Amino acid sequence: MAFDEQKKRDFKVVGTRPVRPDGIDKVTGRAMYGADLSAPGMLVARVLRSPHAHARIVRIDTSKAEKIPGVKAVVTSADLGRPADEALRDTQDNCLAHDKVLYDGHPVAAVAATSAQAAKAALAAIEVTYEKLPHVTDVDAAMKADAPVVLEGRAYEEVPEGWSQNVTNHCEFGHGDLEDGFAKADLIVERSFKTEATHQGYIEPHACLASVGPDGRGELWCCTQGQYMVRETCAGILEMDASQLKVTPSEIGGGFGGKTTVFIEPVALALSRKAGRPVKLVMTRDEVFRASGPTIQSSTDVKIGMTRDGRITAAEATLRYSGGCYPNSTCMMGAQAAFAPYDLEAVKTVGWNALTNRPKEISYRAPGAPTAIYAVESVIDEMCQELGLDPIDVRLQNAADKGTKSSYGVTFQDIGLKAALEAAKAHPHYSAPLGPNQGRGLSCGFWFNFGGNSSVTLSVNTDGTVSVTEGNPDIGGSRASISMIAAEELGIPYERVRTLVADTASIGHSDTTDGSRVTFMVGLATIRAAREATQKMCARAAKIWGIEPDAVEWVDGAAQPAGPNAGKFPPMSLAEIAATSLKTGGPIAGHCESTADGAGVSFGVHLCDIEVDPETGFTKVLRYTVFQDAGKAIHPDYVEGQMQGGAAQGIGWALNEEYIYGEDGRLQNAGFLDYRIPVASDLPPIDTVIVEVPNPGHPYGVRGVGETSIVPPLAALSNAVSRAARVRLRELPMSPPKILKAMMAKG
Amino acid sequence: MRYAIPKTAAEAASLLMEEAARVLAGGTDLLVQMKSGVRSPEVIVDIKHLPGLRDISREGGGFRIGAAVSGAEMQEDAELVAAWPGVVEGVNLIGSTQIQGRATMAGNLCNGSPAADGVPAQIAAQAVARIAGPEGERDCPVAEIPTGPGKTSLGRGEFIASILLPARPDRSGDAYLRFIPRTEMDIAVAGAAVNLVLAEDGTVKEARVALGAVAPTAILVEEAGAALVGSKLEEPALAALVRACEAACKPIDDKRGTAEFRTHVAGVLAKRAARIAYDRAGGRA
Amino acid sequence: MKKIHVSTRVNGDEADFVCAPDETLLDALRDRLGLTGAKEGCGTGDCGACSVTLNGRLVCSCLVLAAEAEGAEIGTVEGIADGDKLHVLQQSFLDHAALQCGICTPGILVASKALLEKHPEPTDEEVRYWLAGNLCRCTGYDKIIRAVQDAAQKLRSA
């Protein structure tokens, strides 16, 4: 649409760094998160979970639990229907197991009681008879023909001969003649990699407060990345009309993709419906690790051909991902992302998913991409070492650019990979001297970014202030960005705008906050809503002035005659128009309920210096710099924050974070003590360089920045270790015992 | 379940005679165990209000540290830190700043973890625990308190009231190092404490080396100490120290580290801790 | 299970509550006294989101029994600002965008305040080690360290 046409403009608000509107609530303890709301007569709920990795549920007897004083409701899957939709059924079964438990921690029953003590006693009184089944937790083992089958009847229609029925998803991408490409190569390197599953590690456990009345109407307060997703899913599971369930998103204590589904919300609603009272259900940290959604576990083969001067002639990758116990298509995003940074004549990627007895994978920041790009960037780095080439020069030589046909079929528009690589090459970090046992690593990263659907209402209040109502939970400062965009578009100060995230009954559908889409899409919807409002305000001014509406234009926060022929009137400000609006035609608001493509892909480059203790294998990160294309940074502080936060998470993934399963298939490290996310003393300052190559799909040039930053650290750290310790690991995490073992084996 | 605040040691001992009674000092282990269901005490005996249990007192040139003294309080006692830097740094490595505000050296000992950071340096220091119980008080070397993972030699009704760190001779120094995958917040994969006394010429006169997380309890490695005696920490002495430490390790493979890794790192840490202790004792290699 | 009556002081005000003997101070603050600023991120002392001061000492309130608060002085995030006047640290966190989701922020503010009261001029490394028990998953800590150091500088020159 014409409104979205991009023109060079001088921004007044966009690009500044105002204090976020929810800031004071968050530094004073007033902000209300998922577990912070209580209701009169509220019950406390607890969930009974499987102690087995894989077992048939023979019988569940809840009669003793129901008799415990204070226990008001007990639910199992028998209290729910069987949705016809397969994906919804999987989600429901993940919330309350049906027939079989598929992983350690799989919920089998839940209770609501007047006290935590009574609820705990009730859990102990529920008798579950299990028939233990053989389990499999490793992706490569799960693909073998003799592997225990996690779910019957879900195999991909063309599973290759000799593979297990656990293989559920398959995809292929690419173009060009691989054979010809490899024939042109001076060096061909083929390697296999493995990465363990990691967890988003948000500090706030899943929490909700549910209330369903005897009239069947429900209210739900919860920490989620998508209140509409919660409403649709819960309404489906509980067989309610969506209109009868109001979902209010609380402040959210981190999500990173992990709060894009439901785990406890349908259970709390079912308990509340049965008990006739409000029910609060909060996960423990142990439950979060065992039974919310970690990432995929991966096993990847990469083969790359290169000329001796660094031109990639052919590239191929096979990805084997396990998204846990239900079919999962994350392998597709990995296969699409693997070679996205490069302009290749011949490329092929194949993705497979296999079921394992692990919890259902849920998105974690650029799902599928970090492990795929880790493998590719490791091989490219090894080839640079082998051929004695500069790692940035080789990447610049092969980098995707405007017009490149990507490995997954899309032809790129303006992209910032080369700009990010040039910025890295020019940065003092790249040429800083290194000491003994130190090494420098580099990696590119990529994420698609999404647009999708969002709704925004922008109301012009009679006092000249503006209220923006939107439907996307703010997980990293988006209310500030949206307010800034509204202020920019309307030509009023940032302080005059307040943006609120609304419940499902207060504004139309908005897709979940994911895919790095909020600043792009809600921002776009805000611009459109603001332009609708300014058009209306121009019309009001025209009416007051007695001229044609199209003879009025909106400039610097005021309506003014468009050109000398329109008449001579002094500009009429937003505040002036707003003050009389109720007498000139009624309230003024702009709306946008829409969908958008054109999110604009995002590239980044990370540089890191590390030191490896040659006697212990301990890796210390000494210096870290992130270069990333933001298109246009609306609020640079929060763009930098995304770049830094993703880098820190990626560093954790590379070095110490992992799901550790025992022989019995049970998770051994379900807590922050042994699931080791980086602590403050583990990290150096994380420097940031924002590159701005405008996204042609957005009027300000915005592209999402949330996800790309977790992609490069895996290979950047591994590439640095290969230089510092002179050993190349092909397995993550690179925990000290693994590095030391490799160093000692090398001697 | 009850929560009790005894006012005398006898009252505490009598409460601890009850079924499923547990001592509460800093609570940083007990509350975690209660949360996970590992322990469900019937009586929680809060010993923090007993006389002397929150004090660090001077005794015979040494330091008597009450069982309810937190790690942070130990760190704030400059004389204690100067005399026993290794013991204090061991205790201070237990958990975060927040944990330091509560966790105690005696609690770390009584929890019975083989990986307890507060214990090896106490053993190397020849610390002695004063145990209160139904029969009154008795003294026991700290090294004899832990008997296996989660187990101690304390009898029913007994609790540690204080721990004595002995007086320091001239030219003495101690150090504790542990290995963890991060820089903070982890359980030791291996730990090593070294306590040295030097002769006037700087040779090692006495040496005690204790290791953590490489056996069912923290262990004193006499051969490792012997390897250093008579040396100025020259390479052959350090190599002998490392060999003795490695030989003494009987670790397990678990989620925190392989047996092979623990064994190797224990030797590395002992060598590094020896150098620090030597330096603190005023020696110059 | 017989309940216990506890008389304590929270942020300078008298506070009384009744709790179960195994109830944590964190649960009592949140569920009995309505002070939900301290958060439960783990319940095992590994994340620091529940940080409060107990008689001036920084602790995890999830690892303190509510009954232990008898006669004590508790300080929580709700007591950091002076009425409508933010503490220098709070303003610094806003100015430096040192929070994203904000769930760790109350604990980090309580811990940082305790740090600066004890060490008014910490090095970056000292700040990082002091805050090692306060997990933040959003920021990578960079802006948090800057905010604490800026506040320290302002407090020193105040």
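Analyst: In this predicted model, β2(B) pairs with strand β3 (residues 43-46) of chain B in the parallel sense, over 4 bridges. Within this pairing, the residue opposite V43(B) of β3(B) is A21(B).

The pair belongs to an open sheet of 3 strands with parallel pairing, in the order β1-β3-β2 (chain B). β1 (2-4) and β2 (21-24) of chain B are the edge strands; each has a single partner strand, so one side of each is left without a neighbour in the sheet. On average, and with direction ignored, neighbouring strands of the sheet are turned by 25 degrees against each other. Helix α1 (residues 9-16) of chain B packs on this sheet and touches β1, β2 and β3 of chain B. The direction of α1 makes about 160 degrees with that of β3(B).

Next, the setting of the sheet in chain B. The chain is divided into domain 1 (2-47 + 55-165) and domain 2 (172-280). A UniProt annotation from an unreviewed entry, "domain: FAD-binding PCMH-type", covers residues 1-170 of chain B. Over residues 1-170 the chain is 29% helix and 26% strand, with the end C-alpha atoms 51 Å apart.

The C-alpha centres of the two domains of chain B lie 23 Å apart. Their contact involves 24 residues of domain 1 and 26 residues of domain 2. On the domain 1 side, the elements that give two or more residues are α5 (85-92), α8 (120-124) and β8 (146-148) of chain B. Of the elements on that side, α5(B) gives the most, with 5 residues. By class, the domain 1 side has 16 nonpolar, 6 polar and 2 charged residues.

Chain C also has a two-domain assignment, with domain 1 (4-79) and domain 2 (88-157). Here the C-alpha centres lie 21 Å apart, and the contact takes 14 residues from domain 1 and 11 residues from domain 2. Strand β3 (residues 51-54) of chain C provides the largest share of the domain 1 side, 3 residues. That side of the contact in chain C divides into 7 nonpolar, 6 polar and 1 charged residues.

Chain C in turn meets chain A: 41 residues of chain A are in contact with 44 residues of chain C. On the chain A side, α1 (23-28) and α18 (636-655) of chain A are the elements that give two or more residues. The largest share of that side comes from α18(A), with 7 residues. The chain A side has 20 nonpolar, 15 polar and 6 charged residues.

The axes of helix α11 (residues 369-387) and helix α19 (residues 713-724) of chain A come within 8 Å and cross at roughly 30 degrees. The crossing of α11(A) past α19(A) is right-handed. From α11(A), the contact uses P370(A), I373(A), Y374(A), E377(A), S378(A) and D381(A); from α19(A), it uses L714(A), A715(A), S718(A) and N719(A). By class, this helix contact has 5 nonpolar, 3 polar and 2 charged residues.

Chain A also carries an annotation from an unreviewed UniProt entry, "domain: Aldehyde oxidase/xanthine dehydrogenase a/b hammerhead", over residues 28-134. Over residues 28-134 the chain is 24% helix and 32% strand, and the end C-alpha atoms are 51 Å apart.

Key:
Residues numbered from 1 in each chain as written. Chains lettered and ligands numbered in written order. Predicted model: local features only at pLDDT ≥ 70, side-chain atom pairs only at ≥ 80, totals over all residues. Contact = placed C-beta atoms within 7 Å. Nonpolar A, V, L, I, M, F, W, Y, C, P; charged D, E, K, R; others polar. Axes fitted to C-alpha atoms, helices over the stretch in contact; angles between N-to-C directions. Left-handed = near helix turned anticlockwise from the far one by under 90°. Domains from an automatic or database assignment. UniProt positions renumbered as here; feature names shortened; annotations may be inferred. Pairing = 2+ DSSP bridges.
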